[in-house]
Amino acid sequence: AVDRDRAAIDALRENSALLGAATVEARAGDARAFIAAERREFDVIFLDPPFREDPWPWLLPACVPRLAPDGFIYAEARHPLSPPPAFALWRRDKAGQVHYHLFVRARTEPS
């Protein structure tokens, strides 16, 4: 997890420890800088940026190289999102004002 809010990161660390979730990483910082520097692949990427921002034009494409081949991108936004190139929408719904999406790499059928 990457968030600019130190209190949110501290709370996530505390809750992860209480749950015994040793693989959760939490860092205070800028998501764009983190994604640019990161080289690992992830099975699931959760995206929940502040609603007042609209980072989707850069955020979804920046996450694609960090996703494992069979991974998913989960995204929450104030409006419906389109999948990044070469991805498909697996699930989408709305809860209150939140539109949530689950994207997966598009499968190509053999010819």
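Two strands count as paired here if DSSP finds at least two bridges between them. Keep that in mind as we walk through this structure, which is a predicted model.

Let's start with the strands. Strand β4, residues 67-77, pairs with strand β6, residues 98-105, in the antiparallel sense, and six bridges join them. To find your place in that pairing, look for Ala-77, which stands opposite His-99 in β6. Strand β6 also has β5 as a partner: β5 covers residues 87-95, and this pairing is antiparallel too, with eight bridges. Here Ala-88 is the residue to look for, standing opposite Val-104 of β6. β5 and β6 form a hairpin with two residues between the strands, and in that hairpin Gly-96 takes a positive phi near 65°.

Now for the nonpolar core. The largest one has 15 residues, and those touching the most other members are Leu-47, Trp-56, Leu-60, Cys-63, Ile-73, Leu-81 and Phe-103. At least two residues of this core come from each of β3 (42-47), α3 (56-63) and β4.

Ser-16 belongs to helix α1, residues 6-19. Is Ser-16 buried or exposed? Its relative accessible area is 8%, and the cut-off for buried is under 20%, so Ser-16 counts as buried. What does the side chain of Ser-16 reach? It reaches the backbone oxygen of Leu-12, at 2.8 Å. Again leaving out neighbours within four places in sequence, Ser-16 is in contact with Ala-21 and Val-24.

On to the rings. The structure holds three aromatic pairs. One of them is Phe-72 with Trp-90, an edge-to-face pair at 5.9 Å centre to centre with 75° between the planes. That pair links distant parts of the chain, since Phe-72 lies in strand β4 and Trp-90 in strand β5, 18 residues apart.

Elsewhere, Phe-46, Tyr-74 and Tyr-100 form one aromatic cluster. And a last stop: the charged end of Arg-32 sits over the ring of Trp-58, 4.1 Å from the ring's centre.

How values were computed. Residues numbered from 1 in each chain as written. Predicted model: local features only at pLDDT ≥ 70, side-chain atom pairs only at ≥ 80, totals over all residues. Heavy atoms only, no water. Helix = DSSP H or I, 4+ residues; strand = E, 2+ residues; numbered from the N terminus. Core = buried A, V, L, I, M, F, W, Y, C linked by side-chain atoms within 4.5 Å. Buried < 20%, exposed > 50% of the residue type's maximum accessible area, 1.4 Å probe, protein only. Polar contact = N/O pair within 3.5 Å; in protein donor to acceptor, adjacent residues only side chain to side chain. Contact = heavy atoms within 4.5 Å. Phe/Tyr/Trp six-rings, centres within 6.5 Å; stacked < 30°, edge-to-face > 60°. Lys NZ or Arg CZ within 6 Å of the ring centre and 35° of its normal.
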